[in-house]
Amino acid sequence: MLQDEDVKLDGSTMGTPVNAGRLLEFVERFVGDLGATMAAGSVVLGDRLGLYRALAECPQHPEELAGRTGTAARYVEEWLRGQAASGYVCYDPATGKYSLTPEQAFALTDPHGPLFAPGAFELALGALRAEPEIAAAFRTGAGIPWDLHDDQVFRGCERFLRPAYTANLVPNWLPSLDGVVAKLHAGARVADVGCGHGASTALLAAAFPRSTFVGSDPHARSVAEAVRGARSAGVDDRVEFETASAQTFSGGPFDLVTTFDALHDMGDPLGAARHVLRSLHPDGTWMIVEPYAGGSVPENLGPVGRVYYSLSTFLCVPNALSQPGGYALGAQAGEEPIRRLALDAGFGTFRRAAEAPFHLVYEAKP
């Protein structure tokens, strides 16, 4: 067994002694990461096959859960064992039954709630499908446009981000902006730039029926999905969508322009900021929602930074590098680069208005 002392191990680099204790710590981290990587697929299966939702009803044996979900018991048994080892379900050795705690069910069963873990795993699995293309891009420096990714990325992105918007947008983020809520209640014109599947657009439209909304995104398939989503949510009478970039969206002047988790993906965010400014009323507001990040690399070396840096390597930076403009901010750009963009574009004021565990909210005004 490895001991916490310097030992020379076969394969050590250039004969440099390897500390056995620190090596063991790294191996434990590696094993945990490997298990999490494989478990990601199991989480997505649990959501797709309805296993979590059925298990939330009551404790069950594998055969019972299989019967409820129309799945094969032997597969379900192995899935349950892995989920129990991951801490995502509970196992009672006295009864041989598996179950979900209220907290596990809260995070795993409701795609419209304020926290939905399977969406994040769906996004991650979709992003990883591009590993060969990302490896090639590392060698050439070329970009990879958003629309070349697997469709799982687009679905997962919405399902990963929607819960944060549901929990925070209307009750917390909008009230942090100067005078915006009153305008929305009275009837404002709003542009949601980089809207993706339109989750943010539909949430805004549902909360403020007197206002009108224009969602835009350069990805045509996402725009088509946004149209369907608005219709399903019953807000299509006050929402319209267009396929357009952040530098070319139309329909102004607007009282409010929003960008949700989009600015850092752009190759020309400065051009986007200038176009936002031109599209605003003189007393309008640009609401910028970006991933939570500190101002330096050491501040971001934690669990949230790990998620965002990894996603950014596969999605955000490649997309930005595929566009003209010369920027690749990445998902952990932090506040100061966003401030500089807004002020360089001509905005008169910029401030951090609100924050959440995964997001920072900025307000820029002409």
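1. Arg81 has a relative accessible area of 43% and therefore counts as partly exposed, a class lying between buried (under 20% relative accessible area) and exposed (over 50%), with a 1.4 Å probe and protein chains only. The model is predicted: local features need pLDDT of at least 70 and side-chain atom pairs count only at pLDDT 80 or more, whereas totals for chains, interfaces and linings use all residues. Residues are numbered from 1 along each chain as its sequence is written, and side-chain values use heavy atoms, with hydrogens and water left out.

2. Arg81 forms a salt bridge with Glu78, the closest N and O atoms lying 3.5 Å apart; the term denotes a side-chain nitrogen of Lys or Arg within 4 Å of a carboxyl oxygen of Asp or Glu. The two residues are 3 apart in helix H4, about one helical turn. Helices (H or I, at least four residues) are DSSP runs, numbered from the N terminus.

3. Glu78 also pairs with Arg74, at 2.8 Å between the closest N and O atoms. Arg74 and Glu78 are 4 residues apart in H4 (residues 73-86), so about one helical turn separates them. Arg74 is partly exposed at 48%, and Glu78 is partly exposed at 43%.

4. Arg129 and Asp150 meet in a salt bridge of 3.8 Å, N to O. This pair links distant parts of the chain, 21 residues apart: Arg129 lies in the loop between H6 (117-128) and H7 (131-140), and Asp150 in the loop between H7 and H8 (151-173). Arg129 is exposed at 53%, whereas Asp150 is partly exposed at 33%.

5. A network of salt bridges links Asp47, Arg53, Glu122, Arg155 and Arg159. The count of salt bridges comes to 21.
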